[in-house]
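Keep the sequence and the 3D view at hand while reading.

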Amino acid sequence: MTKNDLVFEPPIMNAAGCLGFFPDLHGMTDWGRLGAFITNPVSLTPRTPARGCRFQAYAGGYLLHTGYPNPGFSQVLRRHAGHWSGSPVPVIVHLLGRGTEEIAKMARRLETVEGVSGLEIGVVSDASAEMVAALTQAASGELPVIMQLPMERSVELASAAIQAGAVAVSLAAPRGITQAQEGEFVQGRLYGPAILPLALRKVHELTQLGIPTIGAGGIYTQEHKNAMLTAGALAVQLDGLLWRGAGFSSLL
Amino acid sequence: MARYTGRVSEIRLEAGRDMEVRIACPAGAIPSVGQYLLASDADNLDDVLGVPLFAIEKSHHGFWAAPLYPITWTPGTTLDLVGPLGHGFDLPHNLQRLGLVAMGETVSRLMLLIHRTAQTKGGMTLFTDLTLPMLPTALEIYPLASMKEALDWPDFMALDVPLRRMVELRDVLGLSYGTGLPCPAQVLVTTPIPCAGIAQCGACAVPSRRGWKLVCEDGPVFELNSLKW
């Protein structure tokens, strides 16, 4: 993968938050079947797990509200950067930032880290187009930048990302609310095959606009993957499928 | 972490017990007491995540598993298995009096421990408010409320506590903040573990005295005093 030539071979990767902070060569993943590895979200300062209910299952999927816990940028580099340089697949570091300064600081540092092939920047669900453009510019430098946009607002925000220098956009899991056993409402990200039609529609709309798009959301079978690629996605990201016992063998 | 293929070979429902499922699998896949095995229906992607299975008892070419498992499983269902995962109970060799506490929806996850201890000459007492299945006669059973008066009896305690009920534990044990149990104790923390350690997603995080720990890979069994409770 080069900065201006975004090619994933094969066109399959994990979504951020689904395979940890480094490609675990002793784990279950058949790395030769993935075109890239995306790290768990990394923030400049440590983030602790969300309080309260963090998981709710529903028909066709589940809701996660984890708070994207991570030990902070410096600790992630110290613990995992060595693994990135020995990775069998390109490593894309997913960054969470509260603003342009934080993103710029982390992006510049990562340009000097061996084994990092690109950046994916997470965007908060209520970000404006101006904020997306500013974050893209802050991240842009020597590494290709993928902007992960809120799925529901991806069409609205994608042009700002691309015009500001992103090589592609990817889709963050849509947000929803479920009711926990104790009656409380829980907000979080939605996963599972039930969201595939929503994701497929967004990929279709984005690619119709000529936006390079990495499809994500509810991909569990070969047919799901093929549908995304046929709709114009340049690659797909897998999420909960990777947590099933057989990994992504159903896609092969 | 290893992958296996297994099969649901039998389902049983005996009076007073939960539905139990027998898993046919290689010996290496059988979880020890407190460990779990992640199981997914190989042919049914409607079950979007794997299910953690705990062993109730070992059987010929496999083990009986504790609930809860998907109702779509039937004898013959092929399973993708990952594990055994996590850290299980580690009982002292010279154990004389084992105290058990079950605060979850079932006592099943402690059954392997109960059967194993019943084969020794050690005493065993279970504190729970659950409706119970037939249990070994060597086991004495009391309600949770009587736990406070019995804290001096065991020389080791094994607890099964849902994460959301950890805040109640101090009250159940009748201990004020800052005081601990008079004996060593381990707790099996139950909570959804969607990624089973593959992603360190944080959904199963539990506060410990040394920061956050993950039930999926640091547990599910912890030294009780290593956690904040």
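How many salt bridges are there between chain B and chain A? The count is 0 salt bridges, where a salt bridge is a side-chain nitrogen of Lys or Arg within 4 Å of a carboxyl oxygen of Asp or Glu.

## Basis of the model

This is a predicted model, in which local features need pLDDT of at least 70 and side-chain atom pairs count only at pLDDT 80 or more, while totals for chains, interfaces and linings use all residues. Residues are numbered from 1 along each chain as its sequence is written, chains are lettered from A and ligands numbered from 1 in the order in which they are written, and side-chain values use heavy atoms, with hydrogens and water left out.

## Where the chains meet

The contact (heavy atoms within 4.5 Å) takes 31 residues from chain A and 28 residues from chain B. The size of an interface is often given as the accessible area lost when the parts come together. Between chain B and chain A the buried area is about 2500 Å², and carbon and sulfur atoms give 63% of that area. Buried area here is the accessible area (1.4 Å probe) that two parts lose on being put together, summed over both. On the chain B side, B:Leu45, B:Val48 and B:Trp212 lose the most area to chain A, together 26% of what that side buries.

There are also 6 residue pairs in polar contact between the chains, counted with both residues at pLDDT 80 or more. A polar contact is a pair of N or O atoms within 3.5 Å; within protein, one must be able to donate a hydrogen and the other to accept it, and residues adjacent in sequence count only if both atoms are side-chain atoms.

## A buried arginine

A:Arg54 lies in the loop between strand E3 (42-43) and strand E4 (55-58) of chain A. Helices (H or I, at least four residues) and strands (E, at least two) are DSSP runs, numbered from the N terminus. A:Arg54 is buried yet has no salt bridge, and A:Glu184, the nearest side chain of opposite charge, is 11 Å away. Buried means under 20% relative accessible area, exposed over 50%, and partly exposed in between (1.4 Å probe, protein chains only). For charge, Lys and Arg count as positive and Asp and Glu as negative; His and the chain ends are not counted.

Not counting residues up to four places away in sequence, A:Arg54 touches residues of both chains, including A:Leu63, A:His65, B:Cys204 and B:Trp212. A polar atom of the A:Arg54 side chain lies 2.9 Å from the backbone oxygen of B:Ala205.

## A loop in chain B

B:Asp218 lies in the loop between strand E14 (211-214) and strand E15 (221-223) of chain B. B:Asp218 counts as partly exposed because its relative accessibility is 30%. Its side chain reaches the backbone nitrogen of B:Leu214 at 2.7 Å. B:Asp218 also touches B:His87 and B:Lys213, not counting residues up to four places away in sequence.

B:Pro220 is found in the loop between E14 and E15 as well. A cis peptide bond joins B:Gly219 and B:Pro220, with omega about 5°.

## Other backbone features

Most residues other than glycine have a negative phi, and most peptide bonds are trans. In chain A, a cis peptide bond joins A:Glu9 and A:Pro10, with omega about -5°.

A:Tyr68, which is not a glycine, has a positive phi of about 45°. For B:His61, phi is near 60°. B:His61 counts as exposed because its relative accessibility is 58%.
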